[in-house]
Amino acid sequence: MIEPLDGLPAGVIGFRAVGTIEAEDYRDVLDPAIHAALDARGRVDCVFVMGEEFDHYSLGAMWEDAKLIGLPHSAWGRAAFVTDHDVLAGIATAFGGLVPGEFRVFPLAQRDEAIAWVAESATTAASSASSD
């Protein structure tokens, strides 16, 4: 399942993977949060944590994940992927260049740094929007 992260800085959305990620997790949790961020700020700055509680993605979840590519490139600010899973970190790093916006992989021990890095972008975007 995908659980929202609480207590994040303004403009940052975050999630934690627990157990098996299913297509419903995208439809019920991730997609609504992404669209709410787009409606509120016009962009998404997010943190996604895959710790020891994560087991695997279902095929349906992989398909839902692929559909996120359909969002406009301008919709993406910064995204941080936080994990100690070597294979997932390697895949994320390899495909990170294909992700619109800025993307970085952080180890779990640097979760707070990942959130701060994403928050820098959200703060900058909010400042730019208010000065327009």
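Student: What is the volume of the largest pocket?

Tutor: The largest pocket has a volume of about 960 Å³. That volume is the space filled by probe spheres set on grid points, which are joined across faces, edges and corners. Before we go on, this is a predicted model, where local features need pLDDT of at least 70 and side-chain atom pairs count only at pLDDT 80 or more, while totals for chains, interfaces and linings use all residues. Residues are numbered from 1 along each chain as its sequence is written, and side-chain values use heavy atoms, with hydrogens and water left out.

Student: What makes a set of points a pocket, and what makes a residue part of the lining?

Tutor: On a 1 Å grid over the protein atoms alone, a pocket is an open set with protein on both sides within 12 Å along at least five of seven lines, whereas a cavity is a set of points where a 1.4 Å probe fits but cannot get out. Lining residues have an atom within 4 Å of a point.

Student: Which residues of the lining are the closest to the centre of the largest pocket?

Tutor: Of the 27 lining residues, Tyr57, Asp65, Leu68, Val99 and Phe103 are the closest to its centre. By class, the lining has 24 nonpolar, two polar and one charged residues. Here Ala, Val, Leu, Ile, Met, Phe, Trp, Tyr, Cys and Pro count as nonpolar, Asp, Glu, Lys and Arg as charged, and the others, Gly among them, as polar.

Student: Why does Leu8 count as buried?

Tutor: Buried means under 20% relative accessible area, exposed over 50%, and partly exposed in between (1.4 Å probe, protein chains only). Leu8 has 19% relative accessibility, so Leu8 counts as buried. Leu8 is found in the loop between β1 and β2.

Student: How do you know that β1 and β2 pair?

Tutor: Strands (E, at least two residues) and helices (H or I, at least four) are DSSP runs, numbered from the N terminus. Two strands pair if DSSP finds at least two bridges between them. Three bridges join β1 (residues 2-4) to β2 (residues 13-21), and these strands run antiparallel. Eight bridges join β2 to β3 (residues 44-57), which run parallel.

Student: Why is the radius of gyration said to agree with a compact globule?

Tutor: The rule is 2.2 Å times the number of residues to the power 0.38, with the radius taken over C-alpha atoms. For 132 residues a compact globule would be near 14 Å, and the protein chain has 14 Å, so the two agree.
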